[in-house]
Amino acid sequence: MNTFALRTAITSAAIAAFLALGSGVATAAPAFHGDPNTPGTQLHVHNDHPMDNNSYQCGAIGVGGAGVGSNPPGGSGQLNGVFFGSGPVQGGCIGNDGSVHFPSGRAE
C-alpha cells in the first residue's frame, strides 16, 4: 500500500468516526410550518429546538409559491410572498450566529 492510499484510508476512517459521533447530537435549526387556521395560504419559520435563541433570515420555494422572511430570536415569523395553495416547500436559512440550514415544510 503506497503512502497516498494509506493517508486516504486513515482520513476516511477519521471522518467516518467523526460523523458517527456527531449523528446523535441534537442541533438547533429553524423549521417551516403552515397555519391552516388562518385564511389564505401561510408559511411560518420557527425555532425547532426550545434552547435555540437565534433569529433566522429565510427564503422558501415550493409548488404553491415562494416567500422570504425572518423570525425574532427564539420566536416565530411569517414568510412574506405569494403562496397560491398548500404544498411542500424547501428553503434556506441563515442564523444570526452564522449557521446555515436547509429546512423543508408545508405551506398551508
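These legends describe close-up views of one predicted protein model. Local features need pLDDT of at least 70 and side-chain atom pairs count only at pLDDT 80 or more, while totals for chains, interfaces and linings use all residues. Residues are numbered from 1 along each chain as its sequence is written, and side-chain values use heavy atoms, without hydrogens and water.

View 1. From the N terminus, the order of elements is α-β-β-β-β-β-β-β-β. Helices (H or I, at least four residues) and strands (E, at least two) are DSSP runs, numbered from the N terminus. Of the 108 residues, 32% are buried. Buried means under 20% relative accessible area, exposed means over 50%, and partly exposed lies in between (1.4 Å probe, protein chains only). The protein exposes about 6600 Å², and carbon and sulfur atoms supply 62% of that area. Accessible areas come from the Shrake-Rupley method with a 1.4 Å probe; for residues, only the protein chains shown count as cover. Among contacts with a separation of 6 or more, 48% are between residues 24 or more positions apart. Contact means heavy atoms within 4.5 Å.

**View 2. Eleven residues form the largest nonpolar core.** Its members are Phe32, Leu43, Val45, Tyr56, Cys58, Ala60, Leu79, Phe83, Val89, Cys93 and Ala107. Strands β3 (56–62), β5 (76–83) and β6 (87–95) each give two or more residues to this core. Strand β3 gives the most, with three residues. A nonpolar core is a set of buried Ala, Val, Leu, Ile, Met, Phe, Trp, Tyr and Cys residues joined through side-chain atoms within 4.5 Å.

**View 3. A disulfide joins Cys58 to Cys93.** The S to S distance is 2.0 Å. A disulfide is a pair of cysteine sulfur atoms within 2.5 Å, and by this rule the count comes to one. Cys58 lies in strand β3 and Cys93 in strand β6, so the pair ties together parts that are 35 residues apart in sequence. The torsion about the S-S bond is about 115 degrees, so the disulfide is right-handed. Cys58 is buried, at 6% relative accessible area. Cys93 is also buried, at 1%.

**View 4. Asn47 sits in strand β2.** Asn47 counts as buried because its relative accessibility is 11%. Beyond residues up to four places away in sequence, Asn47 touches Ala29, Asp52, Asn53, Asn54, Tyr56, Asn71, Pro73, Gly74 and Gly75. Asn47 and Phe32 are 15 residues apart along the chain, and their C-alpha atoms are separated by 9.0 Å.

**View 5. Asn54 and Gly75 sit in loops.** Asn54 is in the loop between β2 (44–47) and β3. Asn54 counts as buried, at 17% relative accessibility. Leaving aside neighbours within four places in sequence, the contacts of Asn54 include Asn47, Asn71, Asn96 and Asp97. Gly75 is in the loop between β4 (65–71) and β5. Not counting residues up to four places away, Gly75 touches Val45, His46 and Asn47. Gly75 and Tyr56 are 19 residues apart in sequence and 9.7 Å apart in space, C-alpha to C-alpha.

**View 6. Ile94, Val100 and Phe102 make a nonpolar surface patch.** The patch covers about 340 Å². Val100 is in strand β7 (residues 100–101). Val100 is exposed, at 52% relative accessible area. Patches are made of residues with over 30% relative accessible area and no salt bridge; like charges are joined within 9 Å, and nonpolar side chains (Val, Leu, Ile, Met, Phe, Trp, Tyr) within 5 Å. A salt bridge is a side-chain nitrogen of Lys or Arg within 4 Å of a carboxyl oxygen of Asp or Glu.
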